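User: Could you walk me through this model before I set anything up with it? I would like the conventions stated along the way.

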Amino acid sequence: IDNCAFYREGLKPWQRGLEIGMAHGYFLIGPFVSLGPLRNTPEAATVGLVAGCALIGIVSVGALLLGATIKPTLFDKKCDSPASG
């Protein structure tokens with residue numbers, strides 16, 4: 001466990017983030033490559049990469065739409081209407 005990027009000494013913060021991000025990127029691409037409909041073709045890795053990028057894009061757009069439409073009600077006062085600003 002001392003060899004993990006989080007515990008390894010001598011790495012800059014951006015190097016840690018890059019290494020951790022690349023390692024977790026395989027969790028997105030891997031299922032598309034090994035379990036997708038094109039798993040037995042030479043194009044499986046490319047299709048898995050494109051599908052992983054598309055998934056990230058779809059989730060990002062969904063999060064942006066959610067953030068643009070939902071107003072927080074945490075700091076509303078009792079007599080104000082909900083999410084009045």
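Analyst: What follows goes from the overall fold to single residues and pairs.

User: Fine, what kind of model is it, and what are the ground rules?

Analyst: This is a predicted model, in which local features need pLDDT of at least 70 and side-chain atom pairs count only at pLDDT 80 or more, while totals for chains, interfaces and linings use all residues. Residues are numbered from 1 along each chain as its sequence is written, and side-chain values use heavy atoms, with hydrogens and water left out.

User: How many helices and strands does the protein have?

Analyst: The protein has two helices and zero strands, where helices (H or I, at least four residues) and strands (E, at least two) are DSSP runs numbered from the N terminus.

User: What are the dimensions of α1?

Analyst: Helix α1 covers residues 13–35, which is 23 residues, and reaches 34 Å from its first C-alpha to its last, close to the 33 Å expected at 1.5 Å a residue; the expected span is 1.5 Å times one less than the number of residues in the helix.

User: And where does α1 bend?

Analyst: The bend is at Ile29 and comes to about 40°, with a proline, Pro31, following within four residues. The bend at a residue is taken as the angle between axes fitted to the seven residues ending there and the seven starting there.

User: How much of the protein is buried?

Analyst: Of the 85 residues, 6% count as buried, where buried means under 20% relative accessible area, exposed means over 50%, and partly exposed is in between (1.4 Å probe, protein chains only). The accessible surface of the protein comes to about 7300 Å², and 70% of that belongs to carbon and sulfur atoms; the areas come from the Shrake-Rupley method with a 1.4 Å probe, and for residues only the protein chains shown count as cover.

User: Which residues of α2 are buried, and what covers them?

Analyst: The buried residues of α2 are Ala44, Gly48 and Gly52, and what covers them includes α1. Gly48, for one, has 0% relative accessibility and touches Ile29, Phe32 and Val33, not counting residues up to four places away in sequence, with contact meaning heavy atoms within 4.5 Å. The C-alpha atoms of Gly48 and Leu38, 10 residues apart along the chain, are separated by 8.9 Å.

User: Switching to charges, which side chains meet in a salt bridge?

Analyst: The count comes to one salt bridge, and the side chains that meet in it are those of Glu19 and Arg8, at 3.0 Å, N to O. Glu19 lies in helix α1 and Arg8 in the segment before α1, so the pair ties together parts that are 11 residues apart in sequence. The criterion is a side-chain nitrogen of Lys or Arg within 4 Å of a carboxyl oxygen of Asp or Glu. Glu19 is partly exposed at 32% relative accessibility, and Arg8 is partly exposed at 25%.

User: What does Tyr7 touch?

Analyst: Tyr7, found in the segment before α1, touches Ile1, Asp2 and Arg16, leaving aside residues up to four places away in sequence.

User: Last one, how many disulfides?

Analyst: The count comes to zero disulfides, a disulfide being a pair of cysteine sulfur atoms within 2.5 Å. Cys4 is partly exposed at 39% relative accessibility, and Cys53 is partly exposed at 49%.
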